[in-house]
Amino acid sequence: MINAVGRELPEKIGDYIVKPYAGAKETIDAEKTVASRRKPSKRAVNGTKLMPDLKEAIKKTGLRDGMTISFHHCFREGDYIIGLVLSAIKELGIKGLRFAPSAVVNIKNPSIVDFVKDGTINRIQASGIRGELGDAVVEGLELAEPVILRPHGARPHTIETGDLSIDVAFIGASAADDFGNCTGQVGPNACGSLGYSFIDATCAENVVVITDNLVPYPCVPISISQMYVDYVVKVDQIGDSAKIGAGAARRTKNPRDLLIAQRAADVMAASRLFKDGYSFQTGAGAISIACTDFLAEHTEKAGIVASYALGGMTANIVEMHKKGLVNTLLCSQSFDAVAARAIVENPNIIEIDNSMYANMFNKSCALDKLNFGVLGALEIDVDFNINILTGSNGEMMSGIGGGPDVADGADISIVTLPIVRGRIPSVVDRVFTCCTPGSSVAVVVTEAGIALNPKHKSYEMLKEDLQKAGIKTVSIEELLKIAYSLTGVPKPIETTDKITCIVEYRDGTVIDVIREIKRD
Amino acid sequence: MQTAKLKRTSLYVSGASPINMIQAAFYNEDCLVYDLEDSVPNSEKDDARLVVYNTVRYHRPANKYVIIRVNGIYSEYIDEDLEAAVRANPDAIRIPKVEYKEEVIRICQRITEIEKAAGMQVGKIEVWCNIESYLGLINAYEIATADERVVALALGAEDFTASMKSHRTKEGLEIFYARNALLTACRHAGVEAIDAVFSDINDLEGLKEDTALTRNLGFDGKTCVHPRQIDVVNSFFTPSKKEIKYALRVLQAVEEGKKQKKGAVTLDGSMIDKPMELRARTTLAQAEAAGINVEEELL
Amino acid sequence: MEIKQAAMVGTLESSDIQISISPNPSKGISIELQSVVKAQFGDAIVATMTEVLESFGIKDAIVNAVDRGALEWIIRARMQSACCKATGTRFDWKGEDK
């Protein structure tokens with residue numbers, strides 16, 4: 001069958017029944033109770049939940065072959081927790097687990113691929129599997145079922161429907177007490193918001209908090225409450241603080257990226273929605289960070305104040321807040337050390353649940369009020385569909401992240417990307433992997449021009465506003481022509497019939513699949 | 001309405017850097033100068049010449065006034081640079097360190113010979129002369145009028161101040177005379193005057209002050225050494241409402257004169273000459289480039 | 001034309017290509033290409049290099065290229081430089097007038 005973005009999909013992939021992406025938002029069965037595996041059980045023994053080591057804790061949870069384990073990726077590339085836990089599980093001889101972290105970033109030591117090869121893990125679900133694992137998967141790494149990739153907003157929903165049912169959630173925290181109250185906001189390895197973990201804490205059958213910074217009861221602040229936590233383990237190191245805080249907002253010097261960022265900010269400032277109380281999400285890529293700075297300049301010049309910034313926070317968004325240019329930061333993730341530590345110091349920088357941020361099936365999510373969302377992308381096609389996952393050789397470059405959620409939620413979604421990267425065109429006639437449907441993309445900004453999507457709900461308004469501001473636009477076809485005139489038309493990537501990844505949309509339907517790359 | 005080709009900003013990009021050359025096509029500069037001279041090490045002159053030739057001849061960026069800066073008139077590279085640059089068919093060839101009109105005449109003759117040999121339209125390629133020494137400055141008017149091809153003189157402040165034994169400062173008092181002298185020569189010759197670069201690419205405030213002077217003195221444009229400087233410099237060449245209105249009136253008078261087949265056209269009691277008309281067209285082109293709807297200004 | 005000496009041009013910067021040419025007497029053309037875009041543009045890059053070799057009338061050469069995503073005409077220009085250097089000749093500008 002063919003879904004609403006023209007992707008060929010099978011009816012079933014193993015046991016997975018494919019619900020094709022249908023374009024409009026799916027209606028939810030409001031009668032169904034939210035699924036949680038949490039059980040009423042007393043865990044504190046002799047006034048503590050502290051276990052002597054990871055293995056003891058794992059044994060206590062009753063983890064067995066074939067169960068599902070989860071993690072958050074708030075420590076990014078500095079994470080030691082996943083490696084420590086998987087090593088302990090492997091030593092206990094438990095096999096065939098379903099590995100369901102919020103995302104896999106590029107963690108190398110130990111290698112997650114090795115845990116797949118030795119049978120500890122045989123299924124994977126995440127928002128992304130960037131790095132060695134992703135590359136191995138698209139090259140045909142043997143798993144019991146294809147990897148399911150879904151945006152940040154879809155994960156909590158899938159957990160609440162019971163489709164992703166977590167047996168044991170392992171939650172790394174930079175500070176915790178012996179009853180399991182914990183946070184990522186303080187301690188030597190602070191990572192900031194633990195936004196991705198709230199859903200795991202409330203819905204998993206077992207919750208194990210892992211810290212290297214055991215503090216006297218009660219831990220302050222309390223991000224995740226003791227009422228959800230079964231066991232606490234202290235380890236030597238939960239992560240590499242240099243890598244946890246890496247990517248601190250250093251403004252790019254690349255004039256091309258600055259130009260794109262400037263133009264994206266100009267588009268926002270030209271919009272009639274850019275007024276006192278506007279809201280935005282910019283993100284953490286080089287262009288996004290620079291765009292935040294230009295947006296701050298526009299805001300200051302216009303003498304207005306934004307009501308809130310949403311999602312992943314960076315040092316320069318915190319700076320905007322301190323300058324009084326944005327009232328509140330709703331922080332589901334902290335992208336650098338400055339943003340990580342800013343939450344405790346500033347009452348209006350608030351740690352929020354990732355589900356509150358992006359889950360469209362909540363009674364409401366913060367994205368529903370968002371004016372401007374700035375997104376990165378690897379490729380965009382003439383239908384404005386976005387690929388954020390796979391590179392020009394079909395390799396796994398990134399995770400889906402919250403992009404599809406932001407594009408759909410924001411009044412005006414702006415995709416920023418260079419028209420070519422080396423000889424790789426970024427505007428193409430058809431993206432290799434569709435992650436975000438073009439219907440939710442309002443504008444694409446490149447150094448070679450700005451294109452509006454005539455099919456987007458904000459088109460007429462935006463067209464008028466940009467004209468008024470003297471900002472010139474071109475058609476997406478024109479951008480495609482420019483890209484191909486520079487690079488030539490690329491040869492399509494050849495694949496086998498084997499599906500390695502299922503790409504879900506924020507409503508839980510299948511927007512695309514990734515097939516195994518054919519190599520000579 | 002015919003639009004004049006703007007020359008507010010000229011961005012230098014090194015022929016030794018393919019990545020910078022490709023990206024340079026997308027900034028907002030009016031003129032893109034592919035450089036074979038100072039930014040290219042001697043060991044890479046032949047390589048850069050071929051890269052620039054292939055780029056300009058076969059993949060010339062759209063909507064830019066394309067210039068190739070060749071190596072010095074007395075260098076070992078100039079002959080082959082001209083063979084390549086002429087065949088690449090840019091809008092202009094920029095000649096460094098011009099000091100005498102005879103140099104211009106010789107180069108222009110050579111351009112004509114190559115145009116003929118290559119079966120190209122003769123005389124279409126324009127010439128910019130960089131004035132980079134006191135001698136060049138003294139002879140500026142003669143240089144500007146040496147050949148029909150010469151359409152602009154550009155001040156090169158670093159070499160000029162070296163030739164003068166003066167010290168380069170941010171405020172630029174040491175080149176104040178040179179700027180005025182160059183402008184005077186250009187105005188008298190009817191060619192455009194391009195101001196020197198502001199070298200500190202990290203000092204945007206300094207650039208603003210410097211460009212304000214550029215504009216107030218009367219220059220038609222400024223050379224840029226970094227893409228970050230372009231938007232700042234362009235913004236100083238945004239004409240005021242008053243200037244736009246005046247330009248529109250000049251052109252209306254010219255149109256009216258054409259209709260009535262008048263030889264001389266006057267406005268407010270003064271005669272409108274060719275340079276005035278050109279200036280009016282440039283003003284409107286600058287307004288349009290700055291996103292101003294000129295028709296609305298009429299109301 | 002004959003390859004008289006080994007020659008190398010270009011850099012390993014992004015969007016550039018480094019090409020080495022060396023003699024391969026009576027053994028034909030051998031092209032070895034490393035490229036970050038080999039899957040999508042490998043054939044096109046080899047075709048460009050072959051075309052330039054033919055335009056120089058070079059029948060025997062070993063060509064090693066390390067491509068960092070150079071565009072077609074940059075590859076052409078680098079190849080032309082490499083051929084000039086390896087054959088010890090100046091570029092034939094008049095040949096461009098056809």
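Seven residues of chain A and seven residues of chain B make up the contact (two residues touch when their C-beta atoms, placed from the backbone, lie within 7 Å). On the side of chain A that touches chain B, four residues are nonpolar, one is polar and two are charged; here Ala, Val, Leu, Ile, Met, Phe, Trp, Tyr, Cys and Pro count as nonpolar, Asp, Glu, Lys and Arg as charged, and the others, Gly among them, as polar. All this comes from a predicted model, where local features need pLDDT of at least 70, side-chain atom pairs count only at pLDDT 80 or more, and totals for chains, interfaces and linings use all residues. Residues are numbered from 1 along each chain as its sequence is written, while chains are lettered from A and ligands numbered from 1 in the order in which they are written.

Val406(A) sits in helix 13, residues 403-409 (helices are DSSP runs of H or I, at least four residues, and strands runs of E, at least two, numbered from the N terminus). Val406(A) counts as buried because 29 other C-beta atoms lie within 10 Å, the cut-off being 20 or more, with C-beta atoms placed from the backbone. Leaving out residues up to four places away in sequence, Val406(A) touches Gln281(A), Leu367(A), Gly373(A), Leu375(A) and Ser413(A). Pro151(A) is 255 residues from Val406(A) in sequence, yet their C-alpha atoms are 9.9 Å apart.

Chain A also has an open sheet of three strands, in the order 19-18-23 with mixed pairing (strands pair if DSSP finds at least two bridges between them). Strand 19 (386-387) and strand 23 (427-428) of chain A are at the edges, each with a single partner strand, so one side of each lacks a neighbour in the sheet. Strand 18 (residues 379-381) of chain A runs parallel to strand 23 of chain A, joined by two bridges; Asp381(A) has Val428(A) as its bridge partner in strand 23 of chain A.

Conventions:
Buried ≥ 20, exposed ≤ 12 C-beta atoms within 10 Å, placed from the backbone.
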